[in-house]
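Morning, everyone. Let me put the model up, and then I'll walk through a loop, a strand and the cores.

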Amino acid sequence: MKHREVFDVRIDDLSQAELNEKLRSWFESFVKGRIIVTTNAEFLILARKVKVFQNQLNASDLSLPDSVSLRYAIAALTDSYLEHRHPGVDVLQTLAKLCSEQGRRLLLLGGASGAAQATAMKFIQSLPDLQVLAIDPGNVHFNDTTNVSRNIIEQIRQTNPDVVAVALGHGKQEAFMFQMKDLLPHVRIWIGVGGAFDMLSGQKKRAPRLIRKIGLEWVWRLMKEPRRWKRIMNASIVFPFTVALSTLRSHRFLKALTRVFPEVYRQLKGL
């Protein structure tokens, strides 16, 4: 497994086979409380402002690249390339399949109203042997740490999950996982999945593969959810501008251009 870095945040670059092998080894290991973050452009913008969040990303056991924009940013800002990408939706599906194969229990927590429950039903339809449960934690307040009711903690404890997928939005879900892993040490793997339940449940349609591959998923989200324009602009406008500005400050803007355009071509070629 290779490691990249963008704005002082570690990005783990590993193939699907390497990821599968690592996840299987975690199920068999005595070490528990592993944390997976699915890092995207929004994460990196927030990490530049909030040191605690940056530290949490770097303290994770796996920091997986979720968005195509990280591929371009790494090419622009470093002398390395990002070879693999793992969207949170896909990683959750991989974990669900592994849980089904190994008789492990998966808990889905958070998301929009009813999304976790609907996702659990979808998983059961495709993976009949999967032990999957869903919890709606309600409104989880967040400052530097999350404020979780004892009732929610007890619900998680009673379900006795091996894997917990947390959909509370970036920043909040990472703080939640780091707080809960010490309170609930029996959980083997925690993963932050953002809006994965919305897409897997069918409440929100995922962008077509072509749009995802070329990195224009933000256009799809803007059309579907115009009220989220501020967040979408952070990922699609603020982040690229921040990357470009950084290359200018480090006197590698022209070099960045010669590295990014071939990456765009390779991305398109792989469609």
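Start with Phe-7. Phe-7 is buried, at 12% relative accessible area; buried means under 20%, with a 1.4 Å probe and protein chains only. Phe-7 sits in the loop between strand 1 (2-6) and strand 2 (9-13). Strands here are DSSP E runs of at least two residues, helices H or I runs of at least four, numbered from the N terminus.

A word on provenance. This is a predicted model: local features need pLDDT of at least 70, side-chain atom pairs count only at pLDDT 80 or more, and totals for chains, interfaces and linings use all residues. Residues are numbered from 1 along each chain as its sequence is written, and side-chain values use heavy atoms, without hydrogens and water.

Most residues other than glycine have a negative phi. Phe-7, not a glycine, has a positive phi of about 50°. Asp-8 has a positive phi too, near 65°.

Now strand 9, residues 163-167. Five of its five residues are buried, so the strand is largely enclosed by the rest of the structure. On one side are Val-163, Ala-165 and Ala-167; on the other, Val-164 and Val-166. Strand 5 (residues 105-110) runs parallel to strand 9, with five bridges. Strand 10 (residues 189-192) is also parallel to strand 9, with four.

Last, the cores: buried Ala, Val, Leu, Ile, Met, Phe, Trp, Tyr and Cys joined through side-chain atoms within 4.5 Å. The largest has 45 residues, and Val-166 is among those with the most contacts inside it. Helix 4 (residues 68-77) gives the most, eight residues.

Technical notes
Buried < 20%, exposed > 50% of the residue type's maximum accessible area, 1.4 Å probe, protein only. Pairing = 2+ DSSP bridges.
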